[in-house]
Amino acid sequence: MRTSRRARAGQYAALLAYLVFLAFPFLWLISTAFKPARELASLHPTWLPQDPTLDNFRQAFDEQPLLRAAANSLVAALGAAVIAVLIATPMAYVMARHRTRLAKAATGWVVVSQAFPFVLVIIPLFLVLKNLRLIDSVPGLIMVYVVWALPFALWMLVGYVRAVPAEMEEAAAVDGAGKVRTLVSITAPLLAPGIVATALFAFISAWNEFFFALVLLKTPEKQTLPVVLTHFLGAEGVADLGPLAAAAFLATIPSLVVFALIQKRITGGMLAGAVKS
Amino acid sequence: MRTGWLTGLVAGLLIVTGSGCSGDGSGSEDGRITLRFQSLAWQKESVDANKELVREWNAAHPDVEVEYVQGSWDSVHDQLLTSFEGGEAPDIIHDASDDLADFAYGGYLADLSGLLSQRLTSDIPERSWETTTFGDGVYGVPFLQEPRVLIANAEWLKESGVRIPTPEKPWSWDEFRRITDELSGGDGKYGVAWPLKEPVSATLNLSLSTGGQLFHRGADGKVRIRFEEGDEVVPRTIHDQVNTDGSASGSTLGSGGSDTLPGFFGGKYAMVPLGFSYRQQIVQQAPKGFDWQVLPAPAGADGLTQGVSPQTLSVAEDSPHKKEAAAFIDFLLRPDNMVRLARGDWMLPTGSEALRDPALRSEKDGWAVGTALAADLRSAPAQSVRGYPEWKDKVATPAFQEYYSGAIGLGELRRRLVKDGNLVLARYQR
């Protein structure tokens, strides 16, 4: 009993250390965002700003169109998440339920495709989008994000579909439900947490993406937040640290909000699935 | 059925985007030309100056409108390469001269030789043009540059009683080593902090002062590396300051320039060798009452000579309006305008007339020391050497890092730079 209590204390300590490790960069970012320039250059940095200021936020908004960039990012990330899920869900269902050679090959290809470096695909992609007249447009960027997110989304969803017992669908069929009815009324609700998690993944990866947005969007009014954030950086990594931290802090908020809104649904859904299986 | 909805989705997206598509950026349906100018200016004063100049140009040239596009130093090479390959590059391109070689040899940039005015061509000295000349063509206009200088804690230097160097009477490298030794207190205080996150360009550029060439082009046109006496002085000084004298902090060797500033402001280091434009950060961040000054980098057998890679303006080969683009560059780089750009970026202009401007000759914030160094700035040694980026990343950076930290000696450094380096360069020169 004593050993078990000690082990549990150790587990909590490890968990706490891990949380601190994860939270440190974010907390430091917040602290930096509120520090005046002279405090940022102090030899003895403090956890909390000694003389907190909103100047960095003022300067960030004054120098760069952060709201417009955030709106562009939001459209791109939401569009990518919705479309990726719409495409990946039926594909994942087929791949999970019909384990043919083709499905296996497709799974293999999905894994391999994750290893492609950006630079390898960007030029052909650029040319394709140019021919489609989709360069310098947010919908064009959404298409790229969908294609980029699709393999991993598919991979995630295949796992979720496999977790839904096929016997439940068979039972529905025995009860007279058609294929579509079964999918809509039985499978889809059980898949909901997986779909939400996948959408969240696609949203966050599109929200944070920098290079495609940098290359594909030319008009300043269409640039996304990660691209605008680099405008606080000079040559050889010199940075306007205060405004950069302020803008970066603001840029993390939408991801946090989206996650906070749907995290209950993810965990709730997972538990529900566990009981049913 | 499945194919149906997918086709519908793609078609839908095409319809949605139909109205949002871009043209080629230079359409002239009404006879009006539009040029896209991608600027990498990032500091507020510099962005403001660029935008203001674009507005002035547009007001004076109703037939040739310039559209300002904010670029970013981060990933600019890949971004430009993709734009060139896709035929969507901006008409006027802001970059650094050490990034131009691949684009120039790749045929992406226009040869500006016959496009620039005599005024601009003669205003910028030949040594600056060398940084953008590749083969027989000129592929960019060098317009801003920054020497490496010593930013010093003025009070510390004054109290120590050491001789304060000037551009006319700089320290020699030996004197510099002796003085940093004299300045360090041994109680966590150092005479100098070298921020050498990027050790190669700093070492090579400063080594020009001691006659270090490292890259030697033979009669066959091929470049070979030789590490001679002139190449040894700067690396040996830094190595000895860190490892023998203890007058330079070893902990800053892996840091960038900005990372050393807190220690500098906190009184840990008497001097920090930094690019000239770092003065802006110092003005912004230094504690109240902190007294600092700009000193010239030490001089060697070749005086104060050092290598630089100036910022440049180029025209895309694909631009249908090269003449107009060159005219805009000419406007942007008129002496008065060059001064505005230089002040915005806290850098030195390349133009001789701009350099004479009283605003850049002021003692305040060290401008006068910088302008006095302008005549000694040369093209960075490795600028036009094909294969340099690979040599730098795979051979030179780790070799210099290990040498400066004391892990290897000068002999091993030489062996790696020369033997391993020539193997790399040979692959690019077959």
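## Asn337 in chain B

Asn337(B) is found in helix α14 of chain B, the helix that covers residues 335–345. In this predicted model, Asn337(B) has a relative accessible area of 6%, and because that value falls under 20%, the residue counts as buried. Leaving aside its neighbours within four places in sequence, Asn337(B) is in contact with Leu53(B), Phe331(B) and Leu332(B).

## Nonpolar cores

The largest nonpolar core holds 86 residues, and those that touch the most other members are Phe37(B), Phe84(B), Val141(B), Phe328(B) and Leu333(B). Helix α13 of chain B, residues 322–332, gives this core its largest share, which amounts to six residues.

For Leu333(B), when residues up to four places away in sequence are not counted, the residues touched are Arg119(B), Leu120(B), Val141(B), Phe143(B), Leu313(B), Met338(B) and Leu341(B). Another core, of 61 residues, lies apart from the largest one, and its members include Ala77(A), Ala92(A), Phe126(A) and Ala213(A).

## Helix α18 of chain B

Helix α18 of chain B runs over residues 410–428, and its 19 residues, at 1.5 Å a residue, should span 27 Å; the end C-alpha atoms are 27 Å apart, which agrees with that expectation.

Two or more lining residues come from each of α4 (66–97), α5 (101–113), α6 (118–131), α7 (138–163) and α9 (179–208) of chain A, and the largest share, eight residues, is given by α7(A).

## Cavities

A search of the whole structure finds four cavities of 30 Å³ or more, and the largest cavity holds about 90 Å³ of space. Of the 14 residues that line the largest cavity, Leu214(A), Leu217(A), Lys218(A), Gln38(B) and Gln79(B) are the closest to its centre. The elements that give two or more residues to this lining are α10 (211–216) of chain A, together with β1 (33–39), β2 (64–70) and α3 (76–85) of chain B.

Definitions and conventions: Residues are numbered from 1 along each chain as its sequence is written. Chains are lettered from A and ligands numbered from 1 in the order in which they are written. This is a predicted model: local features need pLDDT of at least 70, side-chain atom pairs count only at pLDDT 80 or more; totals for chains, interfaces and linings use all residues. Side-chain values use heavy atoms; hydrogens and water are left out. Helices (H or I, at least four residues) and strands (E, at least two) are DSSP runs, numbered from the N terminus. The expected span of a helix is 1.5 Å times one less than its number of residues. A nonpolar core is a set of buried Ala, Val, Leu, Ile, Met, Phe, Trp, Tyr and Cys residues joined through side-chain atoms within 4.5 Å. Buried means under 20% relative accessible area, exposed over 50%, partly exposed in between (1.4 Å probe, protein chains only). Contact means heavy atoms within 4.5 Å. On a 1 Å grid over the protein atoms alone, a cavity is a set of points where a 1.4 Å probe fits but cannot get out, and a pocket is an open set with protein on both sides within 12 Å along at least five of seven lines; lining residues have an atom within 4 Å of a point. Grid points are joined across faces, edges and corners, and a volume is the space filled by probe spheres set on the points.
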